[in-house]
Amino acid sequence: MKDYKHKILTDIKVELSDEFDRNFERKAFFSKKWKDRRHKGKGTLLVATGKLRRSIRASVGENSVAWSSSEPYATIHNEGGEITVTRKMKRYFWAKYYEATGRIKHNKNGAMSKSSVRASAEAEVYKYMALMKVGSKITIPERRFIGDAPEVKRCVEKVFKENLKGIISELASRKH
């Protein structure tokens, strides 16, 4: 019986890991779209670098499957919440601002290149963040990518039913 349970949990892990990964492609938690970024920047939030998406791991326990991420910001993006601006954050945003402004290039006609326009917009976001007062709050909206939902329940039920059919036919073939 223990082998059956482990196989079911492993199949749930595989199926739901695929679905949770697809949330990054959908830019939504199944059909619930993520809120747009407040300030335009490089790429779509949570998808820009792919680092968060690649960090998600699933593990099968004795009676459960658990998902985790090595990225410290995973929970705040998945659940939403508030963060407090610190001096360290301000230094980071100033550094990112100077890095972004260093990429500004001009065409032969003197106009800013397209990549520089993007760098400039990105620089403005970092400047805005760097100018925030220490102690002020930043609200991060929920952009769920892992969690419970009706789609999760349907997936678990489907995996369980498929495995149950296999178990029944295996037991029936043993009787003969």
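**What I'm working with.** This is a predicted model, where local features need pLDDT of at least 70, side-chain atom pairs count only at pLDDT 80 or more, and totals for chains, interfaces and linings use all residues. Residues are numbered from 1 along each chain as its sequence is written, and side-chain values use heavy atoms, with hydrogens and water left out.

**Confidence.** I checked pLDDT, the predictor's confidence in each residue from 0 to 100. The chain's mean is 87, with 85% of residues at 70 or more. Helix α5 (residues 114-130) has the lowest confidence, a mean of 75, while strand β3 (residues 56-60) has the highest, 97.

**Whole chain.** I found 29% of the 176 residues buried (buried is under 20% relative accessible area, exposed over 50%, partly exposed in between, with a 1.4 Å probe and protein chains only). The exposed surface comes to about 12200 Å², and carbon and sulfur atoms supply 55% of that. I also looked at contacts (heavy atoms within 4.5 Å): of those between residues at least 6 apart in sequence, 68% join residues at least 24 apart.

**Helix α4.** Next I went to residues 87-101. This helix has 15 residues and spans 21 Å from first C-alpha to last, close to the expected 21 Å at 1.5 Å a residue; the expected span is 1.5 Å times one less than the number of residues. Which residues of α4 are buried? I listed Met89, Lys90, Phe93, Lys96, Tyr97 and Ala100. They sit on the same side of α4 because their arc around the axis is only 125 degrees, taken from the directions from the helix axis to the C-beta atoms. Arg87, Lys88, Arg91 and Tyr98 are exposed on the other side of α4.

**Two positive phi values.** Lys27 isn't a glycine, yet its phi is near 55 degrees. I found Lys27 in the loop between α1 (2-26) and β1 (28-29). Its relative accessibility is 35%, so Lys27 counts as partly exposed. Phe30, also not a glycine, has a positive phi of about 60 degrees. Phe30 lies in the loop between β1 and β2 (32-33). Is Phe30 buried or exposed? I have Phe30 down as buried, with a relative accessible area of 9%.

Note on methods
Accessible areas come from the Shrake-Rupley method with a 1.4 Å probe; for residues, only the protein chains shown count as cover. Helices (H or I, at least four residues) and strands (E, at least two) are DSSP runs, numbered from the N terminus.
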